[in-house]
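Please look over the sequence and the model shown here before reading on. The report after them is written for someone new to this structure.

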Amino acid sequence: MDVFGRVHAWSKRHAKVMDALRGAPLAVLALVTARPYATGTAVGSGAQLHLAGYVVLSALLIVPLLWQRRRPLETFAAVALVSFGQWALGFDPVPANISVLVALWSVAYGCAFRWALAAGLIAELGVYLVLVHWRTVSFSMFFSGSIFVVTTWLTGLYANTRRRYLEGLEERAERAERERDQQARLAATAERARIARELHDVVAHNVSVMVVQADGAGYMIDRDPEQVRQAVRDISRTGRDALAEMRRLVGVLRADPEDGGDGATGTDYTPQPGLAQLEELVRGAGVPARLRVTGPPCDLPEGQQLAVYRIIQEALTNALKHGGPSVRALVELTYGGAELVVRVSDDGRGAAAPRSHDGHGLIGMRERVGMYGGAVSAEPRPGGGFEVLARLPVPVGRAA
């Protein structure tokens with residue numbers, strides 16, 4: 001980070017100190033130049049200020065600077081009004097009038113361009129009114145006075161641009177980090193799902209073999225004892241093979257990557273997420289999202305709840321990756337009789353978003369929904385944005 005970035009970070013952590021530091025030089029300058037007003041020797045073409053009036057005027061011009069970072073527009077308005085009142089009463093400018101330039105910089109730095117432009121024009125009007133007060137209105141004098149205003153204004157605009165650039169970098173870095181972590185979690189979830197499917201295949205195949213062998217042994221127990229003994233040996237071998245494979249796969253499922261992935265330590269027995277964790281998922285999705293539930297909820301099996309959870313998770317991840325910097329999402333669950341409708345929509349780039357050719361999110365959604373006899377679609381919305389729509393049948397006896 002460069003010097004400007006370090007100063008910016010420090011100033012963000014110590015906002016009140018920075019406000020006081022901006023006003024401190026003016027306060028010191030006002031004190032140093034107070035002597036002529038105390039002795040009545042101040043020279044000027046307008047009404048004379050005594051020490052008390054000078055102190056009050058300087059305080060009215062300097063004290064609002066304490067709020068310039070949090071309320072730059074109000075600070076500039078207060079300083080500008082005090083300066084205008086000073087001009088209307090015929091008093092000459094004082095050193096504390098430099099607070100107008102300080103407040104102008106704060107507006108240019110912290111506000112939208114239209115407000116910065118309005119503040120700059122008001123400051124230019126102030127230069128003209130001072131020249132009218134001094135009766136020295138001319139193009140050269142106005143140009144000379146405007147140099148200070150324009151320089152301060154442009155410096156504030158540059159600092160504003162630089163600040164927004166740094167904030168954009170920070171936001172993109174945070175978004176990239178969130179996306180990386182979420183992709184890692186999704187990849188781990190997909191791998192575990194693959195292993196779970198493999199485990200299902202292993203168990204189903206071996207148990208089927210064992211059942212067939214056991215049925216055959218029961219049929220031949222009185223006719224061919226030797227064949228029965230061979231069947232029992234086959235059952236034993238198949239069972240041991242299935243048990244070894246199950247231990248291997250379950251060990252992988254339980255392994256914690258942070259502990260080396262051996263499954264010996266850090267075993268996670270946390271239940272799989274379901275509908276009860278949807279609010280937490282939506283809050284931590286990385287994009288502004290809302291959850292809306294319609295209809296009386298029903299008691300779904302844990303596997304079906306996990307399928308709904310993963311569909312919403314994948315849809316929110318797609319919104320984060322492809323929706324654009326200001327995307328917002330809406331997650332809707334509609335319970336209606338024998339069907340649960342899951343809808344995840346966003347207002348992002350929709351059809352204009354770049355397509356990823358290395359992802360399997362939609363395939364995973366279809367597999368999960370198809371396992372329960374449902375259907376899913378994912379496509380851009382006509383008015384902009386993207387929508388994922390899944391319909392899952394509710395098991396008989398569980399519908400509200």
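This is a predicted model: local features need pLDDT of at least 70, side-chain atom pairs count only at pLDDT 80 or more; totals for chains, interfaces and linings use all residues.

Residues are numbered from 1 along each chain as its sequence is written, and side-chain values use heavy atoms, with hydrogens and water left out.

## Overall make-up

The secondary structure comes to twelve helices and five strands, where helices (H or I, at least four residues) and strands (E, at least two) are DSSP runs numbered from the N terminus. Of the 400 residues of the protein, 34% count as buried, a term that means under 20% relative accessible area, with exposed meaning over 50% and partly exposed in between (1.4 Å probe, protein chains only). Among contacts between residues at least 6 apart in sequence, 70% join residues at least 24 apart; contact here means heavy atoms within 4.5 Å.

| Helix pair | Axis distance | Angle |
|---|---|---|
| Helix 4 (residues 51–62) and helix 5 | within 8 Å | roughly 150 degrees |
| Helix 5 (residues 72–88) and helix 6 (residues 99–110) | within 9 Å | roughly 155 degrees |
| Helix 6 and helix 7 (residues 113–134) | 8 Å | about 160 degrees |

Angles under 35 degrees count as roughly parallel, over 145 as roughly antiparallel, 65 to 115 as roughly perpendicular and the rest as oblique. Helix 4 and helix 5 are therefore roughly antiparallel to each other. Their contact brings Leu57, Leu60 and Leu61 in helix 4 against Val79, Val82, Ser83 and Gln86 in helix 5, and the residues divide into five nonpolar, two polar and no charged. In this division Ala, Val, Leu, Ile, Met, Phe, Trp, Tyr, Cys and Pro count as nonpolar, Asp, Glu, Lys and Arg as charged, and the others, Gly among them, as polar.

On the side of helix 5 the contact involves Pro72, Leu73, Thr75, Phe76, Val79 and Ser83, which meet Ser99, Val100, Ala103, Leu104, Ser106 and Val107 in helix 6. These residues divide into eight nonpolar, four polar and no charged.

Ser83 belongs to helix 5 and, at 17% relative accessibility, counts as buried. Leaving aside neighbours within four places in sequence, Ser83 is in contact with Leu61, Asn97 and Val100.

The loop between helix 5 and helix 6 holds Pro93, which at 31% relative accessibility counts as partly exposed. Not counting residues up to four places away in sequence, Pro93 touches Tyr37, Gln86, Val130, His133 and Trp134. Pro93 and Val130 are 37 residues apart in sequence, and their C-alpha atoms are 7.8 Å apart in space.

Helix 6 and helix 7 pack at an angle of about 160 degrees, and that makes helix 6 roughly antiparallel to helix 7. Their crossing is left-handed. The contact is made by Leu104, Val107 and Ala108 of helix 6 with Trp115, Ala116, Ala119, Gly120 and Ala123 of helix 7, and its residues divide into seven nonpolar, one polar and no charged.

## The sheet

Strands of a sheet pair through backbone hydrogen bonds, either parallel or antiparallel. Here an open sheet of five strands has the order 1-2-3-5-4, with mixed pairing, and two strands are taken to pair if DSSP finds at least two bridges between them. Strand 1 (289–294) and strand 4 (375–380) stand at the edges, each with a single partner strand, so one side of each is left without a neighbour in the sheet. Neighbouring strands of this sheet are turned by 10 degrees against each other on average, direction ignored.

Strand 3 (residues 339–346) and strand 5 (residues 386–393) run antiparallel and are joined by eight bridges. Glu339 stands opposite Pro393 in strand 5, and Val344 stands opposite Val388 in strand 5. Strand 4 and strand 5 also run antiparallel, joined by six bridges, and the bridge partner of Val376 in strand 5 is Ala390.

Technical notes
Axes are lines fitted to C-alpha atoms, for helices over the stretch in contact, and angles run from 0 to 180 degrees between N-to-C directions. A crossing is left-handed if the near helix is turned anticlockwise from the far one by less than a right angle, and right-handed if clockwise.
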